[in-house]
Amino acid sequence: MKVDDRDISAVAVGQTGRLALTSMPNEEFALVVDKITPVSVIEEGRNFFRVEAVVKGAIEKLRPGMEGVGKIMVDRRNLFWIWTHKLVHWTRMWVWSWWP
């Protein structure tokens, strides 16, 4: 999985999540975070960290090259924080860049 560098601090080895594949949209697979690489990759003008996870159960259906969306369960967050945290982060970086 690719995790944005702003969100990587919330991810830890051992966290659980779900995987939905584009070829099997009606099925979800359980996953557990196995490894977080310490090197970021730049794609589409953003920094991402590579996070590896192990899929639990029904792995006989998986084939190499399958793609989808993985969601990692972190902690419960305030709805206001979810809606505004990216704007707050951008504002802090903008102010910092203009600060003497």
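Predicted model: local features only at pLDDT ≥ 70, side-chain atom pairs only at ≥ 80, totals over all residues.
G57 is partly exposed, because its relative accessibility is 47% and the class lies between buried, under 20% relative accessible area, and exposed, over 50%, with a 1.4 Å probe and protein chains only. G57 sits in the loop between β4 and β5; helices (H or I, at least four residues) and strands (E, at least two) are DSSP runs, numbered from the N terminus. In space G57 and F29 are 7.3 Å apart, C-alpha to C-alpha, although 28 residues separate them in sequence.

Residues are numbered from 1 along each chain as its sequence is written, and side-chain values use heavy atoms, with hydrogens and water left out.

F29 leads us to the nonpolar cores. A nonpolar core is a set of buried Ala, Val, Leu, Ile, Met, Phe, Trp, Tyr and Cys residues joined through side-chain atoms within 4.5 Å. The largest one has seven residues: V3, I8, V11, V33, F49, V51 and I72. A second, separate core has five residues, among them L19, M24, F29 and L31. In soluble globular proteins, nonpolar side chains tend to be buried together.

I turn now to the pockets. On a 1 Å grid over the protein atoms alone, a pocket is an open set of points where a 1.4 Å probe fits, with protein on both sides within 12 Å along at least five of seven lines, and lining residues have an atom within 4 Å of a point. The largest pocket holds about 810 Å³ of space, the volume being the space filled by probe spheres set on the points, which are joined across faces, edges and corners. Its lining has 26 residues, and V3, D7, A10, V74 and H85 are the closest to its centre. Two or more lining residues come from each of β1 (2–4), β4 (46–56), β5 (68–72) and α1 (79–98). The greatest share is that of α1, with seven residues. By class, this lining has 12 nonpolar, four polar and 10 charged residues.

The second largest pocket holds about 380 Å³. Of its 18 lining residues, M1, L19, L21, M66 and G68 lie nearest its centre. β2 (16–21), β4 and β5 each give two or more residues to this lining, and β4 gives the most, with four.

Finally, the charged pairs. Side chains of opposite charge can pair when their charged atoms come close. The structure holds seven salt bridges, each a side-chain nitrogen of Lys or Arg within 4 Å of a carboxyl oxygen of Asp or Glu. In one of them, R18 pairs with E28, with the closest N and O atoms 3.1 Å apart. That pair links distant parts of the chain, R18 in strand β2 and E28 in strand β3 (residues 24–43), 10 residues apart. R18 is partly exposed, at 34% relative accessibility. Another salt bridge joins D75 and R77, whose closest N and O atoms are 2.7 Å apart. D75 is partly exposed at 48%, and R77 is partly exposed at 34%. Salt bridges that share partners also join D4, R6 and R46 into one network.

Key
Nonpolar A, V, L, I, M, F, W, Y, C, P; charged D, E, K, R; others polar.
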